[in-house]
Amino acid sequence: MMHDISSDSGSQNIVSATFKGLGQRYQKCLDDVTPYTVGRWIGAGVLTLFFLARVFILQGWYIVTYALGIYHLNLFIAFLSPKIDPALEFEDDAGPGLPTKANEEFRPFIRRLPEFKFWYSVMKSTTFATFFTFFDCFNVPVFWPILVLYFISLFCITMRRQIKHMFKYKYLPFTHGKPRYQGHEDSGKVINAK
């Protein structure tokens, strides 16, 4: 009887060790692709195009596509939003939270959803949606033009609200177009010492 209990704990240790090893390998793969931002997003685009081609060719799974689009829209809005909402920080309408004068404190833009987590969530959700297209139980018959119109109107309303929020609190969630300052040490000049 004691031997059965020890063999059960031994098999549990093997199973947990196997899952722990697989989890470590998976995390290592994620760590290895982290610096390759453009390559990761190209992979996400290819996976999304594969999913959309599958939906287009099979002429179905519009509800899955709609749910995926809404989820991606929510991820995108979280990616564009600051981690600390200036609307909640300033109860009165005194003005923006970012510095407007040279002597004010610089506060960098920190996203609510970082770029890597955004990419990872897009990859996971698109993989799951592609997996769902292999099962007919998820192919619910709907009139897809209504879903497209509803998604477009939802996208426009949400983005309009987000852009108004950006203008009101004067923040820009992208680094393109922002001035870059270089200090004396960062000038890039090579001093040749002989």
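This is a predicted model: local features need pLDDT of at least 70, side-chain atom pairs count only at pLDDT 80 or more; totals for chains, interfaces and linings use all residues.
The chain exposes about 15,000 Å² of accessible surface, with 67% of that belonging to carbon and sulfur atoms (Shrake-Rupley method, 1.4 Å probe; for residues, only the protein chains shown count as cover). Residues are numbered from 1 along each chain as its sequence is written, and side-chain values use heavy atoms, with hydrogens and water left out.

The chain has 6 helices and 0 strands (DSSP runs numbered from the N terminus: H or I of at least four residues for helices, E of at least two for strands). Of its 194 residues, 24% count as buried (under 20% relative accessible area; exposed is over 50%, partly exposed in between; 1.4 Å probe, protein chains only).

Now to Arg111, in the loop between α4 (86–89) and α5. Arg111 is buried but has no salt bridge, and the nearest side chain of opposite charge, Glu115, sits 8.0 Å away (a salt bridge puts a side-chain nitrogen of Lys or Arg within 4 Å of a carboxyl oxygen of Asp or Glu; Lys and Arg count as positive, Asp and Glu as negative, with His and the chain ends not counted). What the Arg111 side chain does reach is the backbone oxygen of Phe79, at 2.9 Å.

On the surface, Phe131, Phe134, Phe135 and Phe138 make up a nonpolar patch with about 400 Å² of accessible area together. Phe135 belongs to the loop between α5 (115–132) and α6 (144–169), and counts as partly exposed because its relative accessibility is 35%.

Note on methods:
Patches are made of residues with over 30% relative accessible area and no salt bridge: like charges are joined within 9 Å, nonpolar side chains (Val, Leu, Ile, Met, Phe, Trp, Tyr) within 5 Å. A polar contact is a pair of N or O atoms within 3.5 Å; within protein, one must be able to donate a hydrogen and the other to accept it, and residues adjacent in sequence count only if both atoms are side-chain atoms.
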